[in-house]
Amino acid sequence: MDQSEGAIPVVEKILIIGGNAAGLTAASRASRIDPRLNVTVVEKGPDISYSTCGIPYYLAKMVTAHDLVSYTPDSFEKERGIKVHNHTRIDEVAPSRKRVVGLRTDTGEPVEFSYERLLIATGVIPRLPDIPGTNLTNVFTLVNLQDALRINAVLDKVTRVAIVGAGYVGLEMAECLHSLGKAVHLYEREPHVLPGIDADMAQIVEYELQRFGVRLSTSAKVLALVGGEGGVTGVKAASGLGIDPADMVLLDTGVVPNVELARDSGIQIGGTGAISVNGYMETSVPGIFAAGNCAETFCAIRRRPVLNYIGTVAAKQGRVAGENMAARRTKFLGAIGTTVLKVFDLAVGRTGLCAGDAAAERMPVVSARIEAVDRAAYFPAARKIWVKLIAERESRKLVGAQVAGYGEASKRIDVAATAIAAGMRVEDLAQLDLAYSPPYGSLWDPLLIAAQAVLRKMSL
């Protein structure tokens, strides 16, 4: 795009649909690389650039809604020089004309934008269970900041809350609502909470929930939400007798990629149900990119696309897309599903494959779980921690790790994620040179102890 002296520079139009992690990261990166680009962001909702992961702490009244918002449309334009049109829903993409059309949701005014390169970052939509009562008043999903504001508006009026689904959102919200003095009943259809970890680790989480008085029903099939004109009044589950009373219900029953716009535009949808992209975040239509929760994520362990709804991954994909829309050639290397969450006093982290994932991939593995303390046992701050490692039997490479404990869990899960990404074998991990000082660690770090336990099992 270099121009000869005296020539009028060509201003290329970059259009981004979606105003949170992936979209705004892409917009900022493209504009930073080439300030000559005319970058525009459109967002269907009123809010941009907010922390979805921080929403439970807003509802627990630990932070304000304002604290969660990094930028408003005006402040983003002022600081980054990028125009943001919020309250703007895009209804159609015409790749042959390189135009999109839509509607201002606040005024009803039709809108149209042209582009040279387009990024679709439309995120996810809730997956509602196919049961009666999901449309009752005080039945909520929690996907965005507006959902949180609606929940917050009724929290002071409710005392009994049912949470259907014990995934990340359900578990964090159980603690949040308990801290507000609500009676919480958590329903999970699978045999244990947090299906992304194994049963022997999930039982530690379940103990923590019960220790704080959260009522927990696993292997629970919810048949209906019951109520009337005044709103929801209870939950009917197959395993229970009668109806469990509830003044509010939160549905943590999953999300699906928001791909309707892409599908209707002739863009290929992958086998996962998300938008198919290559390593450069390019879709099947030239000039159109996709990133974030609506796009497939390459799994560096399975070596194929998967669904991934992690904000850090969305931001990385957005960065890669932004660089490529600015005429660089950068490749997204993939992700392995590294997460950590807080459940009351317990930290829970996971990365890579759990045993169930490995079985689904028909991958023979060896695993071991150990219990240790996170620093020198005699040190006053020493806390209990459990570590589980999973290694592929044939290659001996680490492919998964889970950590739960009252001490420093995130440090261990990050080290394990690094080891997996580096393709380390268990014997390599067992001899990692990790930092040690009694206030911060133990002579034998729990990760190394777990690696040695896996090696012993491999030798049997």
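Reader: Which strands make up the open sheet with β14 in it, and what is their order?

Author: Three of them, in the order β13-β14-β15, with antiparallel pairing. This is a predicted model, in which local features need pLDDT of at least 70 and side-chain atom pairs count only at pLDDT 80 or more, while totals for chains, interfaces and linings use all residues. Residues are numbered from 1 along each chain as its sequence is written, and side-chain values use heavy atoms, leaving out hydrogens and water.

Reader: Why are β13 and β15 said to stand at the edges?

Author: β13 (222-228) and β15 (244-245) each have a single partner strand, so one side of each is left without a neighbour in the sheet.

Reader: How do you know that β13 and β14 pair?

Author: Pairing asks for at least two bridges found by DSSP between the strands. β13 and β14 (residues 231-237) have 6 and run antiparallel, so they count as a pair. For a spot to look at, find Val222, which stands opposite Ala237 in β14.

Reader: What does β1 pair with in the parallel sense?

Author: β1 (residues 13-17) is joined to β2 (residues 38-42) over 5 bridges and to β7 (residues 117-120) over 4 bridges, both in the parallel sense. Ile14 shows up in both pairings: its bridge partner in β2 is Val39, and in β7 Ile14 stands opposite Arg117. Leu15 has Thr40 as its partner in β2. Going on from β2, the parallel pairing with β3 (residues 83-85) has 3 bridges, with Val84 as the partner of Val41.

Reader: What makes β1 largely enclosed?

Author: 4 of its 5 residues are buried, so the rest of the structure largely encloses β1. Buried here is under 20% relative accessible area, exposed is over 50%, and partly exposed is in between (1.4 Å probe, protein chains only). β2 is mostly covered too, with 4 of its 5 residues buried.

Reader: What kind of unit do β1, α1 and β2 make?

Author: With helix α1 (residues 21-33) between them, the two strands make a right-handed β-α-β unit. Right-handed is the word because, with the strands pointing away from the viewer, the path from the first strand over the helix to the second runs clockwise.

Reader: How many aromatic pairs are there, and what gets one its label?

Author: A search of the whole structure turns up 3. Rings of Phe, Tyr and Trp (its six-membered ring) pair if their centres lie within 6.5 Å; planes under 30 degrees apart are stacked, over 60 edge-to-face, and the rest tilted. Tyr71 and Phe76 come out at 5.3 Å centre to centre with 80 degrees between the planes, so edge-to-face it is. Both of these residues are buried. Phe212 and Phe344 have 4.3 Å and 10 degrees, so that pair is stacked.

Reader: What does the Phe212 and Phe344 pair tie together?

Author: Phe212 is in the loop between α7 (199-211) and β12 (215-218), and Phe344 is in the loop between β21 (339-343) and β22 (346-352), so the pair ties together parts 132 residues apart in sequence. Phe212 is partly exposed at 26% relative accessible area, whereas Phe344 is buried at 5%.

Reader: How do you know that a charge sits over the ring of Tyr280?

Author: NZ of Lys or CZ of Arg has to be within 6 Å of the ring centre and within 35 degrees of the ring normal. The charged end of Arg329 sits over this ring, 3.7 Å from its centre.

Reader: What makes the protein as compact as a globular one?

Author: Overall, there are 13 helices and 25 strands, both being DSSP runs numbered from the N terminus (helices H or I, at least four residues; strands E, at least two). The radius of gyration is 24 Å, close to the 23 Å that the globule rule gives for 460 residues, so the protein is as compact as a globular protein of that length. That radius is taken over C-alpha atoms, and the rule is 2.2 Å times the number of residues to the power 0.38. Of the 460 residues, 51% count as buried.
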